[in-house]
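Q: I have a structure open and would like to go through it piece by piece. Can you help me read it?

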Amino acid sequence: MKKLVAVLLAGLMVLSLAACGGGDSKETEAKKETAAKTEAPADAAETKAEGTAAAPEKKDSYSVGITIQDLSNATWATQVNTITEKCEELGWTVTAVQHDNDAQKCITQIENFTNSGCDFIFIQSSAAEAIEDAVKAAQDKGICVIGTGVALDFADMNYTNDNYDAGYRCGQAIGNWANETFGEDHKLMVAQFLYDEIAEVTQRTDGQLDGLKETHPNFEVVANAHPTDSATAMTETENVLTAHPEIEVIFNWGDSMALGSLEAVRSMKREDENMAIVSVDGTDEAVTEIAAGSSLIMSCSLGGPEEQGIQQFDMLQAYIAGTNEDHYYSPNITIDRSNAKDYVK
């Protein structure tokens, strides 16, 4: 993984200019946990925006552009790597870049992909209004645009997750852990890491608190922070634990952040049976730590980043075949100490 990220980041400036040449809530308890969903909920049906791209011309090789917020994020990097591997097996070409949550940079990358003749463009961006014109210009040239992680109403296809449910499962896991560890009457001291710039992350963090209210309502959020990767999460964890040594729980919105928090907890000698960290993603690194009995006690897998990459690649083939859905969903699977060993690779 480290090698992959290093390669991707080292080539970032070149790639940005290169030719294309990646416990259930009540409302969601019936959702399957073993396969990605391929149909949008009946009350959220979406149709393709008028003027979006038609299926590409059948040919031997296709080119794919991917613009992601941050290629150092382990989950996103693994998805990109998997999409790339699957495409290259068929002789397709893939160019992946990061836009650093900069809307103008994302627009430029979309324009570069369009001008270099991509057949598909994956976009992970919360700046829908800002990038809409660039996306539609790509679609006017017959390019299929896929919103990944964050739904884009004007995309040809979207690949997202029920983020509220993922967070809700985290909250339930912490509530159950608190009841077993301290008892139902214990007032739990909580730190929650947020990222307000992406609505999908906010859905996760809202779900976390709702799940905790359901299972252990006696708690207080005594600290918030806004990390974006493992390194900043480690620093923020050290800061909040220094300021609030009474903290017993850290809610993270992604596994990269959770692993940073875990490293900080260890360095501060706070890793014991009275500290719990939970997260969303279900990466190999996180699952391994859960199985080993660390303070990282649970992660809601979204099918795993490799499986997500495969699912997104399959979307491309379905689009070429004319059998695609407008919206695809990754699964939510609770991975904790009871089943983590089954998911360790």
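Q: In which sense do strand 3 and strand 4 pair?
A: They pair in the parallel sense, over 4 bridges. Within that pairing, Phe-122 has Ile-146 of strand 4 as its bridge partner.

Q: And which residue stands opposite Gly-147 in strand 5?
A: That is Asn-158. Strand 4 and strand 5 (residues 157-160) run parallel and are joined by 3 bridges.

Q: Is strand 4 mostly covered or exposed?
A: Mostly covered: 5 of its 5 residues, 144-148, are buried. Cys-144, Ile-146 and Thr-148 point one way, while Val-145 and Gly-147 point the other way.

Q: New topic. Where is Gln-208 found?
A: Gln-208 is in helix 7, which covers residues 199-215.

Q: Why does Gln-208 count as buried?
A: Because its relative accessibility is 0%, and buried means under 20%.

Q: What does its side chain join up with?
A: The side chain of Gln-192, through a polar contact of 2.9 Å. Beyond four places in sequence, Gln-208 is also in contact with other residues, including Tyr-168, Cys-170, Phe-251 and Trp-253.

Q: Last one: where does pLDDT stay under 50?
A: Over residues 1-52. Where pLDDT is low, the predicted coordinates should not be read in detail. The protein as a whole averages a pLDDT of 87, and 84% of the residues score at least 70.

Technical notes:
Residues are numbered from 1 along each chain as its sequence is written. This is a predicted model: local features need pLDDT of at least 70, side-chain atom pairs count only at pLDDT 80 or more; totals for chains, interfaces and linings use all residues. Side-chain values use heavy atoms; hydrogens and water are left out. pLDDT is the predictor's confidence in each residue, from 0 to 100. Contact means heavy atoms within 4.5 Å. Buried means under 20% relative accessible area, exposed over 50%, partly exposed in between (1.4 Å probe, protein chains only). Helices (H or I, at least four residues) and strands (E, at least two) are DSSP runs, numbered from the N terminus. Two strands pair if DSSP finds at least two bridges between them. A polar contact is a pair of N or O atoms within 3.5 Å; within protein, one must be able to donate a hydrogen and the other to accept it, and residues adjacent in sequence count only if both atoms are side-chain atoms.
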